[in-house]
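Welcome! Take a moment to look over the molecule shown here, and then let us work through some "how do you know?" questions together.

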Amino acid sequence: MKWSPQEAMQAYLDTLQLCNTHSNDEDCPLGTRNIIQPQCMEFISALAAGNQAKLIVQVTSYQGINPLTIALAVAAKHTKARFVCILHQLQDLENSRAQLSCYDLEDAVELVHGNPCEVIMEFKNIDFAIIDCKFEGFLRLFQIIDVNLRGSIVIVSNILERRIGASISEVIKGRTGVECVTRSIGEGMELTRIGLMSCCQPQTKRFKRFHVITFED
């Protein structure tokens, strides 16, 4: 994906404005700053829009849509992307749509019920994905997701909530071109940049990960 600083800046500013507009709105809680670290939503929105993602997928936990859903929806509107949000089967679709309508973003998000490990197989060449670490099968998702070989990003969120077990960086440790750094943002994020590898290192595309950044407290 070619980076667009203009798209990134516009998505950042629009998300910032949306958060400020609804900062004290009890009917639209997903944009308030008391449930997510400031600038986390703007960062995610800018990252997705700046990379000009055309297919965005989010896998939520049992808690359903969250502030990152709003951030991705803003980015999707900028890049005219298809944004699919996979909901836990216990989540109410109509309630989720109602929450999105608070921000006039209901038309920017395609809500889907089902087992994420099954539903995600329906999508090919994903440009940008966020997987909630609270979903127990997140490592499985990371292994089976079909990404865009020209460049894509997969983020695992809420890693501070992770139960005992391997992290993404541990799973791909030792692979050529992997680099990890630590930052404090949100509830912790592991970001993996995926792109083409050298032709002398043939691998299946689901494992062509060449850059990992870890954000955590």
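**How the fold holds together**

Among contacts in the protein between residues at least 6 apart in sequence, 77% join residues at least 24 apart; contact here means heavy atoms within 4.5 Å. This is a predicted model, in which local features need pLDDT of at least 70, side-chain atom pairs count only at pLDDT 80 or more, and totals for chains, interfaces and linings use all residues. Residues are numbered from 1 along each chain as its sequence is written, and side-chain values use heavy atoms, with hydrogens and water left out.

Q: What makes a stretch of chain count as one of the helices or strands, and how many of each are there?
A: Helices are DSSP runs of H or I with at least four residues, strands are runs of E with at least two, and both are numbered from the N terminus. By that rule the protein has 7 helices and 8 strands.

Q: What does buried mean, and what share of the protein's residues is buried?
A: Buried means under 20% relative accessible area, exposed means over 50%, and partly exposed lies in between, using a 1.4 Å probe and protein chains only. Buried residues make up 53% of the 217 residues.

Q: What makes β4 and β5 a pair, and which way do they run?
A: Two strands pair if DSSP finds at least two bridges between them. Here 5 bridges join β4 to β5, and the two run parallel. Between them the chain crosses through helix α6 (residues 138-144), and this β-α-β crossover is right-handed: with the strands pointing away from the viewer, the path from the first strand over the helix to the second runs clockwise. I131 stands opposite V156 in β5.

Q: Which way do β5 and β7 run?
A: They run antiparallel, joined by 6 bridges. S157 has M189 in β7 as its bridge partner.

Q: How do you know that D132 has no salt bridge?
A: A salt bridge needs a side-chain nitrogen of Lys or Arg within 4 Å of a carboxyl oxygen of Asp or Glu. Lys and Arg count as positive and Asp and Glu as negative, while His and the chain ends are not counted. For buried D132, the nearest side chain of opposite charge, K134, is 5.4 Å away.

Q: What makes the meeting of the D132 and S61 side chains a polar contact?
A: A polar contact is a pair of N or O atoms within 3.5 Å; within protein, one must be able to donate a hydrogen and the other to accept it, and residues adjacent in sequence count only if both atoms are side-chain atoms. The D132 and S61 side chains make such a contact at 3.4 Å.
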